[in-house]
Amino acid sequence: MIVWLNRIVDWIENVLVTGLMLIATVVAIVQVIARYVFNNSLFWSEELILYSLITMSFLTMGMGVRYASHISVDAVYAFASPRTAKFLQIGAACLGLIFAAVLVWYGGRLVLNTSRMGQLSPAMRIPVGYIYAVIPAAGIFMLLRYLLVLRELLAGRGYEPPQVDIKTS
């Protein structure tokens with residue numbers, strides 16, 4: 001079931017991050033054209049770009065877990081015995097689970113409190129609670145990813161992140 005959920009989370013993250021990047025890029029280009037060609041600025045563009053970038057940052061935290069691209073000290077594993085290295089990897093995954101749970105808990109409280117107050121964003125006038133909802137959502141995505149990593153480690157297999165084929169030339 002975790003593998004199936006992981007595929008769904010992959011798809012959701014990829015679609016959202018790609019869409020948000022596209023929106024931020026297009027709005028930035030339109031803003032530059034509006035400002036310098038038509039001498040008229042879009043008052044809401046900077047806010048939309050900012051919220052898009054922040055949302056992308058939170059959504060890619062789960063991708064970092066999936067592709068094992070978060071900062072880690074791999075030199076420790078080289079000097080430790082295989083049993084100690086596995087113990088350290090399980091401990092790191094458990095700490096990641098705790099961090100993700102904190103994001104879900106406190107992010108959810110932030111969303112509820114902000115929604116209850118009725119706070120609106122300055123330019124676009126949308127409820128700020130909707131914007132803050134990305135925090136617990138990112139925590140849930142990270143929780144699923146850390147559960148997948150932990151499942152692999154506890155089954156006796158090392159976690160092997162999927163290989164990304166990025167062509168540089």
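**Charged pairs and burial**

Student: Why is Glu 13 called buried?

Tutor: Glu 13 has 0% relative accessibility. Buried means under 20% relative accessible area, exposed over 50%, and partly exposed in between (1.4 Å probe, protein chains only), so Glu 13 counts as buried. Keep in mind that this is a predicted model, where local features need pLDDT of at least 70, side-chain atom pairs count only at pLDDT 80 or more, and totals for chains, interfaces and linings use all residues. Residues are numbered from 1 along each chain as its sequence is written, and side-chain values use heavy atoms, with hydrogens and water left out.

Student: What makes Glu 13 and Arg 145 a salt bridge?

Tutor: A salt bridge is a side-chain nitrogen of Lys or Arg within 4 Å of a carboxyl oxygen of Asp or Glu. For Glu 13 and Arg 145 the N to O value is 3.1 Å, so the pair meets the definition.

Student: What are Glu 46 and Arg 35, exposed or partly exposed?

Tutor: Glu 46, at 57% relative accessible area, is exposed, whereas Arg 35, at 34%, is partly exposed. The side chains of Glu 46 and Arg 35 meet in a salt bridge at 3.7 Å, N to O.
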